[in-house]
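User: Hello! Could you walk me through the charged pairs in this structure?

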Amino acid sequence: MPRTLITGGFGFLATWVAAGLRKTGHEVVLVDHRDLDGSSLAMSGLLADPGVTTGCADITQPGSLDRFGPADHVIHAAAILGVTKVRNEPTETLRVNIDGTRVALDYAVRSGNTRRFLLLSTSEVYGADAENAAEDSWLAVRTDDPRWSYAVSKIAAESLAYSYHAEHGLPFTIVRPFNVFGPLRTGGYAVGALAARAVAGEPVTVHGDGSQSRAWCHAEDFANGLIRCLLHPDADGRAFNIGDDRNDLTVTELAGRIRDMGGSGSPIVHVEHTAPDIELRRPDLTRARQLVGYEPVNDFDDRLRETVEWIRQGSGPHPMRITREDWPVWDQ
């Protein structure tokens with residue numbers, strides 16, 4: 001069976017992608033530098049799958065991935081992220097995200113038989129207005145606030161992927177996620193923060209006037225799109241937006257929906273912005289639809305309700321609910 005190695009493998013996105021890859025018959029190796037206990041992977045039930053193995057490595061150390069042996073596919077998802085952490089540690093964000101990408105690329109080249117290297121980038125490379133931005137648009141970020149160091153590091157990582165293709169012939173694909181949510185996601189992000197307050201009966205706080213717009217994508221749909229980009233022959237050498245363009249909500253609208261699902265009657269309170277923000281995020285999925293046949297199908301309210309309930313139950317162990325049957329199995 002094909003063997004896929006994922007860096008940042010104990011995290012939220014990697015866990016859902018690993019579950020999808022097992023549906024396609026891949027052996028999966030999940031590598032991370034953090035503790036397994038309390039991670040998305042540990043809570044998913046996926047560790048009971050004999051086709052899933054784990055290992056620890058510091059992605060910034062040259063050669064740290066070599067001991068895992070060659071892989072048919074490499075997904076580089078390891079990164080420092082989160083607005084608060086990135087703003088507080090911009091230098092470390094740049095170091096880890098850029099150096100880690102180079103280590104992962106070197107590993108893929110040395111493996112010798114890597115069919116595809118997939119870089120997990122970000123929608124933040126489009127700047128403050130990421131509404132309907134196409135993949136061949138000029139990328140634009142600011143450098144005058146540490147908050148943007150994450151986006152800067154991902155633009156550098158994308159450039160490295162193109163460079164390794166030019167110099168070493170490494171097949172690659174870039175995926176830019178747009179606002180992924182679902183059970184098992186830990187750390188600070190809008191859905192999780194709003195739901196935690198709603199189920200606790202606390203005021204649901206919204207930054208600014210709440211007019212910021214987001215199109216939310218469930219993790220299963222995202223995993224399906226990423227795997228299509230990993231395996232489809234026409235995805236080689238291209239970048240793809242992966243998200244869900246059907247669920248465009250302001251943050252205030254999202255907060256109201258979560259509050260109602262939480263059932264606590266918590267008031268929605270607006271608080272002052274403490275950092276620059278992205279006003280609009282909605283993916284242009286034209287390329288993903290036309291080239292790899294990606295289509296988001298999960299019902300937003302159903303999956304949001306499931307996520308709120310997971311948080312109400314304490315954000316603990318939660319076997320993933322895989323509903324899609326259209327997992328790709330293209331042979332490269």
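Analyst: Happy to; below we take the salt bridges one step at a time. This is a predicted model, where local features need pLDDT of at least 70, side-chain atom pairs count only at pLDDT 80 or more, and totals for chains, interfaces and linings use all residues. Residues are numbered from 1 along each chain as its sequence is written, and side-chain values use heavy atoms, with hydrogens and water left out.

User: How many salt bridges does the structure hold?

Analyst: Side chains of opposite charge can pair when their charged atoms come close. A salt bridge here is a side-chain nitrogen of Lys or Arg within 4 Å of a carboxyl oxygen of Asp or Glu. Counted that way, the total for the structure is 28.

User: Is Asp 32, the partner of Arg 34, buried or exposed?

Analyst: The two side chains meet in a salt bridge at 3.0 Å, N to O. Buried means under 20% relative accessible area, exposed over 50%, and partly exposed in between (1.4 Å probe, protein chains only). Arg 34 is partly exposed at 42%. Asp 32 has a relative accessibility of 8%, so it counts as buried.

User: Which residue does Glu 124 meet in a salt bridge?

Analyst: The N to O distance of this pair is 3.0 Å. Both partners are buried. The side chain that Glu 124 meets belongs to Arg 147.

User: Which residues are linked in a network of salt bridges?

Analyst: Here the salt bridges join several side chains into a network. Its members are Glu 220, Asp 302, Arg 303, Glu 306 and Arg 321.
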